[in-house]
Amino acid sequence: MVLYDTIVVGAGINGLATAYHLAKMNKKTLLLEQFGLPHSRGSSHGQSRVTRYAYSQDHYIRMMEDAFPMWSQLEKETGTTLFTPCGLLILEKSPYNGLEGRKKALVKANKPIQEFTPEEASRRYPGMRPCEGYRIVLDESAGSLRADKALLCFQSRFKELGGSLHDEEAVRQIIPGRIVTVVTTKARYRAKSIVITPGPWASKILHPLGLHIPLTTYRIRVFYWRVKYGAFDKHPCIIDDTRGDRHIYTVPEHEYPGLVKVVMHGGTASDPDSRDAVSLDGFEIPLLQKFIQEVLPGLDNSAPVIEESCIYTVTPDMEVVIDRHPSHPNIIIGCGFSGHGFKLAPATGKALAELASGREPSYDMKPLSISRFGKGVLTKSNL
């Protein structure tokens, strides 16, 4: 039986980025995915993601300092344009806590910013007219990332670098040991280490390993709204921090002609295996309609034209989990990306690959550790 250096479970964006970095380290790597690729069942599909430096947490700023040039490197390696540098408008009403935190982060990272009054923003961006009370900061370094193309680029480069990718092959059992055994629906595999990046299925894979990280999966409704007037193809992305963790974000006309993505960062708790059966209360649409009325009157807020969905896997503190299993140091876990995962993926993939290879991670992992949840997360394994 072949002995791999590392097996990666889950070929979403973070699993792909991890496998890519392992292949670049010349590690014999197997990447397993339960669904046929591409698929829309998890968190990594779709056409775009807002990508930015504007984090208040130092560890994410440090990761984004690496992620941006690594995205650029992937573009060069594949000859594919992934990032559109359209900028990001950060909006907020009083007390401006989120905006101030993001502004300080940008200043600390030496990124160019501009500040506008609502009137100035209206003149600069046709179709936008923020109501009184908003403060507005432009992050010039941010933009939109082509998510669908990024997945394909990581897949192709991983295979070109000698990696093995098996889709339509679900993991049924992980048996810890000095050599880890992975049992799938098709075969058994052995490896010196394993990286578990299963997205919304994290709890289902980790519980048999005696690990109960507090994770909640949410079904996020993604809406597209028709343009009435304005130059939305030339607009920046937008984040409105007024509602705290349930902020609203927009992506300009980069996906569907004449349509703008306007989404709430929040949703309804859902089992990933039955997400389409979830009863939705529709709380998002009235809030988004009000936001469009107050900020983007150039859009038709009567009803969204297209609805899509994805799943977020969220921790109580909205922080990522990247760590070794407390009892099995050759089992590496990356989960609970809490809506941050796509933009960070080149850096989080690098950190996960370093842990799997026995190297010291390039970033401060303490804020992302399993131990922050207390001793109760570790129970006796079912194995």
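Colleague: How do you know how far apart the mean positions of the positive and negative charges of the protein chain are?

Modeller: Lys and Arg count as positive and Asp and Glu as negative, with His and the chain ends not counted. Each charge is placed at NZ of Lys, CZ of Arg, CG of Asp or CD of Glu. For the 47 positive and 41 negative charges, the mean positions are 5 Å apart. This is a predicted model, where local features need pLDDT of at least 70, side-chain atom pairs count only at pLDDT 80 or more, and totals for chains, interfaces and linings use all residues. Residues are numbered from 1 along each chain as its sequence is written, and side-chain values use heavy atoms, leaving out hydrogens and water.

Colleague: Why is the protein chain called as compact as a globular protein of that length?

Modeller: The secondary structure comes to eight helices and 20 strands, counted as DSSP runs (helices H or I, at least four residues; strands E, at least two). The radius of gyration, taken over C-alpha atoms, is set against a globule rule of 2.2 Å times the number of residues to the power 0.38. The chain has 21 Å, close to the 21 Å from the rule for 383 residues, so it is as compact as a globular protein of that length.

Colleague: And why does Arg 41 count as partly exposed?

Modeller: Buried means under 20% relative accessible area and exposed over 50%, with partly exposed in between (1.4 Å probe, protein chains only). Arg 41 has 26% relative accessibility, so it counts as partly exposed. Arg 41 lies in the loop between β2 (29-32) and β3 (48-51). Of the 383 residues of the chain, 55% count as buried.
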